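Dear colleague,

Here is the structure I promised to pass on to you. Please have it open while you read, as the notes below go through it part by part.

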Amino acid sequence: MSIQTISLAPISEKGGGSALITNKDYQNKGLFVQTYGCQMNEYDSQKIGELLQQSHGLNLVDDTESAEVAIVNTCSVREKAQEKVFTLLGRWKKWKEKKAGRIICVGGCVASQEGELIRRRAPFVDIVFGPQTLHRLPQLLEQTIKGKQSHLKIPLSMDISFPEVEKFDRLPIPVANGVSAFVSIMEGCSKYCSFCVVPYTRGEEFSRPYLSVMEEVRELSRQGVREVTLLGQNVNAYIAEFEDGSPCDFSTLLTEVATIEHIDRLRFTTSHPMEMTNDIIQCFQSIPQLANQLHLPVQSGSDSILNRMKRGYTALEYKNIIRRLREIKPDIHLSSDFIVGFPGETEEDFMQTYRLVEEVKFSRSFSFIYSARPGTPASALPDDVPLETKKQRLYRLQELLAQQTEEIENQLVGTTQAVLIERLSRKSDNQVAGRADNNVVVNFSADTDLIGQFVEVKITERLTNSFRGVLL
Ligand code: SF4
């Protein structure tokens, strides 16, 4: 089997070349999409579903058995996530062998970084595409289907290039899937933190044009969306232009999106502390729709580790950002990411992280043991912290983080929160569930007609990952 890296002809229709292709043979057949990784990948998976629905009439299904096309949208940020993909592909090989015409596609960051490896380890895969070329999936699929139908020796179709301008131009018209939606505003990252693969798998930072963002949010609003989360690897780096050529940075974009009718709550993720400008901090004061919550990854509390991670800020600078935010929003819910056991991390370096957590106090966080990702600068450093030490440090840090989560969340019991009702509750048939301003999930009894409405709810009990409340 050979690899084919194809360069497809440009598609002229804005809103997706997807409508161009109507291969009847796959009309109404099932499409299964397995997503690993971050919210960017979840967003991309949703777009994949919309694209292939429009291009080939494929319908999203919940399992591979009822599918004709199976796609895994991968993540390579952690080593385990990458291995998971190959384990999954092993299972899908058997699935494919059971019925002629089945198609396997691999997208996302592992595809982008490890196209050759996929060819070697999983030669039964039909299509490999990167995060920046998912909009070309209809053509890649069409080519594969035609190859199967003509019984030619079918080459693996691979397109993992970075045609940055195209992707945003050719996404399908969004289809709201509830009252809350993600909107991607930029792609890639140019920060090149020494441990991270994202700049190599998703490319350099590229901001979506201002009008394209506004069009998507307006369309979602027309479809009943009330809450929007602006997405990007580093949304703070957003920079585009207004029609008259004047610059539109992230704080300006936030202000503009907040003017769209019926969008009553705004969130954004992920932010980089280095670009958490005063203008963005001030948005928490000037934009009432901006939620009382921020995810701001710090990674470490040690300046020497931060320097080796190439994060571009010191622990003091990070704490200063938090101080200024809390002057505006004293009860803002903060979450963060931490890596323990980075090369050269001493006990004192770790304790500086521990003390930063004690000082800042986070509501929710994500913490991981460092593992070298191939091709990153940090992978050339000696991975010299023993695994047992890494595990112990992670355990100590996670205990502290869990204790803080409990303390902060217990304080919510008895308070009244504005909750956007999103759906039926998974806890009980007779209840609905929604999110409060600070992003916690609340379950309570209410008429299902209220789904899509903001209501006042008194929090009565803290559960493991959510809360119970009473509609006021
Ligand atoms: S800011 Fe650093 S960690 Fe985040 S995506 Fe960019 S390179 Fe990776």
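Strand S7, residues 156-159, is covered on both faces, since Leu156 and Met158 on one side and Ser157 and Asp159 on the other are all buried; buried here means under 20% relative accessible area, with exposed over 50% and partly exposed in between, for a 1.4 Å probe and protein chains only. Helices (H or I, at least four residues) and strands (E, at least two) are DSSP runs numbered from the N terminus. Please bear in mind that this is a predicted model, in which local features need pLDDT of at least 70 and side-chain atom pairs count only at pLDDT 80 or more, while totals for chains, interfaces and linings use all residues. Residues are numbered from 1 along each chain as its sequence is written, and side-chain values use heavy atoms, with hydrogens and water left out.

S7 runs parallel to strand S6 (residues 127-129), to which three bridges join it, and Ile127 stands opposite Ser157 in S7; two strands are taken to pair if DSSP finds at least two bridges between them. In the loop between S6 and helix H4 (137-149) lies Pro131, which counts as buried at 2% relative accessibility. Leaving aside neighbours within four places in sequence, Pro131 is in contact (heavy atoms within 4.5 Å) with Asp44, Gly108, Cys109, Ser112, Lys167, Thr201 and Arg202. The C-alpha atoms of Pro131 and Arg120 are 21 Å apart, although 11 residues separate the two along the chain.

S15 and S16 are joined by three bridges, and Leu294 stands opposite Leu334 in S16. His333 also belongs to S16, residues 333-340, and is buried, with a relative accessible area of 8%. Apart from neighbours within four places in sequence, His333 is in contact with Asn292, Gln293, Leu294, Ser363, Ile408, Leu412 and Asn438.

Helix H12 (residues 347-360) packs against helix H13 (residues 387-410) at an angle of about 5°, with the axes 10 Å apart; axes are lines fitted to C-alpha atoms, for helices over the stretch in contact, and angles run from 0 to 180 degrees between N-to-C directions. The contact involves Glu347, Phe350, Met351, Thr353, Tyr354, Val357 and Glu358 of H12, together with Arg393, Arg396, Leu397, Leu400, Leu401 and Gln404 of H13. These residues divide into seven nonpolar, two polar and four charged, where Ala, Val, Leu, Ile, Met, Phe, Trp, Tyr, Cys and Pro count as nonpolar, Asp, Glu, Lys and Arg as charged, and the others, Gly among them, as polar.

Five strands close into a barrel in the order S18-S19-S20-S22-S21, with mixed pairing, and the twist averages 50° from one strand to the next.

Finally, the ligand is surrounded by Cys189, Lys191, Tyr192, Cys193, Phe195, Cys196, Val198, Pro199, Gln233, His272 and Arg311, each having a heavy atom within 4 Å of the ligand. By class, this shell has seven nonpolar, two polar and two charged residues.
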